[in-house]
Amino acid sequence: MNIKQLCICASLALGLACGVHAQDQRDYHQPLYEEGCDSCHDQGMNKFPSDEACLQCHDPAEVAEQTAREGEEKLQNPHDSMHYGQDAPCMECHGEHTPKKALCQECHNFDYPKFK
Ligand code: HEC
Ligand code: HEC
Ligand code: HEC
Ligand code: HEC
């Protein structure tokens, strides 16, 4: 059995992702992978990307608008909240290779149907 097979075995057995290249990739970011890992990894591969990396392509005011809510749910906007305004770092909630939970869900039961 070679390393790769071993790796697949271990993943199947343990339900774990195996090695960097077998990591989850988000479909919506596929073109970035074609550009190279450093389209996000501005701090080298041994660190998480900085928030600035995401901000190259995503505008906080724009995402806040996309997730705006009406009426009594108005303050539940994850991108413009009473706790953090528009300043919460993207990676507090959004994972790329690993699934994450939206930070707000740790304390609230708000419904976020568009969350990825
Ligand atoms: C080089 C440009 C680029 C960078 C850097 C980038 N993204 Fe994206 N992102 C995109 C594009 C293009 C899409 C797909 C179109 C869209 O939905 O805006 C996308 C989609 C998304 C979506 C899903 C949108 C949906 O429709 O549901 C999320 C969430 C997201 N990005 C978060 C992030 C986070 C967090 C980072 C930083 C780790 C990041 N992005 C870095 C370009 C980028
Ligand atoms: C506090 C948690 C949190 C933070 C911080 C956060 N997001 Fe989100 N994001 C969410 C949630 C929750 C949703 C889904 C909202 C919904 O379903 O209404 C979402 C949705 C999105 C979408 C999809 C919008 C759509 O209309 O489909 C994009 C793009 C996005 N986020 C990008 C970002 C970027 C870029 C950052 C950093 C500037 C960021 N987010 C920071 C929680 C967060
Ligand atoms: C769309 C942006 C994006 C792209 C493109 C991307 N990454 Fe990541 N990477 C992240 C984010 C965000 C994290 C933080 C952890 C998480 O969300 O999974 C991360 C974390 C990592 C880590 C963990 C670092 C640590 O400190 O533990 C490794 C290793 C990694 N990425 C490898 C890669 C490789 C290899 C590629 C190219 C094949 C790649 N990444 C492409 C966004 C990206
Ligand atoms: C660590 C726990 C924690 C996190 C994380 C958190 N909150 Fe809260 N939040 C609270 C507490 C405690 C209160 C009640 C105290 C108060 O009203 O000031 C509250 C109150 C609120 C309220 C007003 C009361 C209500 O339930 O309608 C809103 C809206 C709200 N939070 C939105 C958010 C959003 C959006 C996020 C994510 C960006 C978030 N919270 C993240 C603890 C948290």
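Helices (H or I, at least four residues) and strands (E, at least two) are taken as DSSP runs and numbered from the N terminus. On this basis the chain has four helices and zero strands, and its order along the sequence reads α-α-α-α. The model is predicted: local features require a pLDDT of at least 70 and side-chain atom pairs a pLDDT of 80 or more, while totals for chains, interfaces and linings use all residues. Residues are numbered from 1 along each chain as its sequence is written, and chains are lettered from A and ligands numbered from 1 in the order in which they are written.

The pLDDT, which is the predictor's confidence in each residue on a scale from 0 to 100, averages 85 over the chain, and 81% of the residues score at least 70. Over residues 1-20 the pLDDT is below 50, and this stretch has eleven contacts in the model beyond near neighbours in sequence. Where pLDDT is low, the predicted coordinates should not be read in detail. A contact is a pair of residues whose C-beta atoms, placed from the backbone, lie within 7 Å. Of the contacts in the chain with a separation of 6 or more, 28% are between residues 24 or more positions apart.

A residue is classed as buried if 20 or more other C-beta atoms lie within 10 Å of its own, as exposed if 12 or fewer do, and as partly exposed in between, with C-beta atoms placed from the backbone. Of the 116 residues of the chain, 3% count as buried. Lys101, in the segment after α4, is exposed because 11 other C-beta atoms lie within 10 Å.

Residues were assigned to a ligand shell if the C-beta atom, placed from the backbone, lies within 6 Å of the ligand. In the classes used, Ala, Val, Leu, Ile, Met, Phe, Trp, Tyr, Cys and Pro are nonpolar, Asp, Glu, Lys and Arg are charged, and the others, Gly among them, are polar. Ligand 1 is surrounded by 16 residues, the closest being Tyr28, Cys54, Cys57, Cys90 and His94; this shell holds eight nonpolar, five polar and three charged residues. Around ligand 2 there are 20 residues, of which His58, Ala88, Cys90, Cys93 and Lys114 come nearest. Helix α4 (residues 60-66) gives the most to the shell around ligand 2, with three residues, and the shell divides into 13 nonpolar, five polar and two charged residues. Ligand 3 has 18 residues around it, with Cys37, Cys40, Gly95, Glu96 and His97 the closest; nine are nonpolar, seven polar and two charged.

How values were computed:
Contact = placed C-beta atoms within 7 Å.
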